[in-house]
Amino acid sequence: MLRKSGARVALLDCLDKTWSDIKWPVPKPYGHGHYPKVHLPKPSLLAHVPRNYSRYGLPLQAVRHALRRLSPPPDIVLITSIMTYWYPGVITAIRLVRKTWPHVPIVLGGIYATLCFSHATTLDADLVIKGPLENKNNWNAFWQLLKVAPPSLPENAGFSLALDLYPEPDFGIILGSRGCPFHCAYCASNKLFTKFCQKLPEDVFTETYTQYQKGARDFAFYDDALLIKPEKFLWPFLELLSKKNLRIRLHTPNAMHIRYLSLDVCLKLKKAGLTTIRLGLESADFQNRWDAKLTAEEWQRGIKNILQAGFKRENIAAYILFGLPEQKEEEIKLAIKKVKEWGIRPELAFYSPIPGSKLFSLAQKHCPYPLDEPLFQNNSIWPCVPGGFSWEKQKKWKEVIKG
Ligand code: SF4
């Protein structure tokens, strides 16, 4: 959006390899994998948690040097944020930028800034943006900070990914939509994007092709609701891939909605090269769940169709929510059992209480910590599990899964 409005941009993604002289863990066969990390002292509020606390990605020193080398210095710096409980990383980034260019305004946006807006305003940014930059108020405030009259929003505002700024991606990203029409009580999707919107398949194809030309052969869909209204995006997009005869593997790390997995859909996905399948089961207690996205019949039918379409069992996993407030161990065990019955892998998705989600107030009731402090929203501490995280409990659950 900024480039289309006439700005020049430089991107520094601290989770991108960027420099060849910095050692990075070897990626897995589909391009994804681990990040380098350094252990840090735990924030005092988490001192009692028996886990390490680490920063992931590029070394701080390398980032500092890169900022200093940027020429000319920027007129403005935008910092994004992801998980709410990673805000100490945002503080570090803001400090680095302030130290490098004391008079350059800093804009903070992203998921943490949106979900914990008041908290984010206590950090040292000049402007905090809640929600997408292309929201009119945000767009205007951004340009006002630069003392420039706001240009009109470019076409497709918010929908074009600047993936060309990544020179050598190990894997590609496909995003065909934003938001989700479901309103699950534990999820932040609706807080981040109030409406479900789909992109034009042609635009997504161009983005995909750009990454393909740079060598990416594995592509992950980042959509929250990939299978909703597939006639508008997914089918025409896959048709374009097939016409161009691109030999790529597709992956769905964000779970797909099982209820939409008819045999026809599964066969189309198989033909298109879908390889890794993640499914959003969440719970096998179908009468008593925190969402309305799946029934017992839909689960059975969906999984049967996937297998019938010829997907390999080892590439399929179903997510099961773990650590919800008031959740009984039996519920989790039942879900694990139901998944394993089909010979596929159960994967626990650790619950993180999300401010503004419907479940947040119940989480506050059951969590021993004040959840308005984002550090306690960290799913690694199992905030709503009685007694919190322990290595013994984790071992026990690993055994249940292996079982
Ligand atoms: S279906 Fe998935 S993305 Fe949509 S609201 Fe529920 S958990 Fe969130």
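Leaving aside neighbours within four places in sequence, F389 is in contact with V49, R51, S380, I381, W382 and Q394, two residues being in contact if their C-beta atoms, placed from the backbone, lie within 7 Å. The structure is a predicted model, in which local features need pLDDT of at least 70, side-chain atom pairs count only at pLDDT 80 or more, and totals for chains, interfaces and linings use all residues. Residues are numbered from 1 along each chain as its sequence is written. F389 lies in the loop between α12 (360-366) and α13 (391-402); helices (H or I, at least four residues) and strands (E, at least two) are DSSP runs numbered from the N terminus.

The largest nonpolar core has 77 residues, and L108, L281 and I320 have the most contacts inside it. Such a core is a set of buried Ala, Val, Leu, Ile, Met, Phe, Trp, Tyr and Cys residues joined through C-beta atoms within 7 Å. Domain 1 (37-145) and domain 2 (163-402) both contribute residues, so the core lies between them; the domain bounds come from an automatic or database assignment.

Strands β12 (residues 316-322) and β13 (residues 345-350) pair in the parallel sense over six bridges, pairing requiring at least two bridges found by DSSP. F350 in β13 is the bridge partner of F322.

Terms used:
A residue is buried if 20 or more other C-beta atoms lie within 10 Å of its own, exposed if 12 or fewer, and partly exposed in between; C-beta atoms are placed from the backbone.
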